Amino acid sequence: DEQGSRVALPIWIEFMRAHIGDREESPGFDPPENIVFASVDPMTGEVAAPWSGNTIQEAFIDGTAPGTDFLP
């Protein structure tokens, strides 16, 4: 009768302890070359103007950011 997080959470905790270990800093991450970042308005999901103050950074596959045409 085990289900959901009752089973998954202990496994995740064990995995993360093994991955993180005694590290003080995260190992860092270099995104793939086809990933671009854009400032996005969190209310509309559209790319924000450069002067916008309330934005979040989102990652997109190059050419798929809002306001761009997707070219597969």
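Modeller: Happy to. One term before we start: accessible areas here come from the Shrake-Rupley method with a 1.4 Å probe. On that basis the protein exposes about 6600 Å², and carbon and sulfur atoms supply 55% of that area. Keep in mind that this is a predicted model.

Biologist: Good to know. Which helices and strands does the protein have, and in what order do the elements run?

Modeller: There is one helix, along with two strands. Starting at the N terminus, the order is α-β-β.

Biologist: How does the radius of gyration look next to that of a compact globule?

Modeller: The protein comes out at 19 Å, whereas a compact globule of 72 residues would be near 11 Å. Along the principal axes, the C-alpha trace spans about 45 × 35 × 30 Å.

Biologist: And what share of the residues is buried?

Modeller: Buried residues are 7% of the 72. As for contacts with a separation of 6 or more, 17% of them link residues 24 or more positions apart.

Biologist: Let's turn to the helix. What is the span of H1?

Modeller: H1 has 16 residues and reaches 21 Å from its first C-alpha to its last. That is close to the 22 Å expected at 1.5 Å a residue. Just after H1 comes glycine 21, which takes a positive phi of about 60°.

Biologist: Which residues form a nonpolar patch on the surface?

Modeller: Leu9, Trp12, Ile13 and Phe15 do, and together they have about 420 Å² of accessible area. Leucine 9 belongs to helix H1, which covers residues 5-20.

Biologist: Changing topic: is alanine 48 buried or exposed?

Modeller: Alanine 48 is buried, because its relative accessible area is 14% and the cut-off for buried is under 20%. Alanine 48 lies in the loop between strand E1 (35-40) and strand E2 (56-61).

Biologist: Which residues does alanine 48 touch?

Modeller: Leaving aside residues up to four places away in sequence, alanine 48 touches Ser39, Val40, Asp41 and Thr55. Proline 66 is 18 residues from alanine 48 along the chain, and their C-alpha atoms are separated by 9.8 Å.

Biologist: Last one: where is serine 52, and how accessible is it?

Modeller: Serine 52 is in the loop between E1 and E2, and it counts as partly exposed because its relative accessibility is 31%. Between serine 52 and glutamate 14 there are 41 Å in space, C-alpha to C-alpha, with the two 38 residues apart in sequence.

Biologist: Thanks, that's just what I was after!

How values were computed. Residues numbered from 1 in each chain as written. Predicted model: local features only at pLDDT ≥ 70, side-chain atom pairs only at ≥ 80, totals over all residues. Heavy atoms only, no water. Patch = residues over 30% accessible without salt bridge, like charges linked within 9 Å, V, L, I, M, F, W, Y side chains within 5 Å. Salt bridge = Lys/Arg side-chain N within 4 Å of Asp/Glu carboxyl O. Helix = DSSP H or I, 4+ residues; strand = E, 2+ residues; numbered from the N terminus. Expected span 1.5 Å × (residues − 1). Rg over C-alpha atoms; globule rule 2.2 N^0.38 Å. Buried < 20%, exposed > 50% of the residue type's maximum accessible area, 1.4 Å probe, protein only. Contact = heavy atoms within 4.5 Å.
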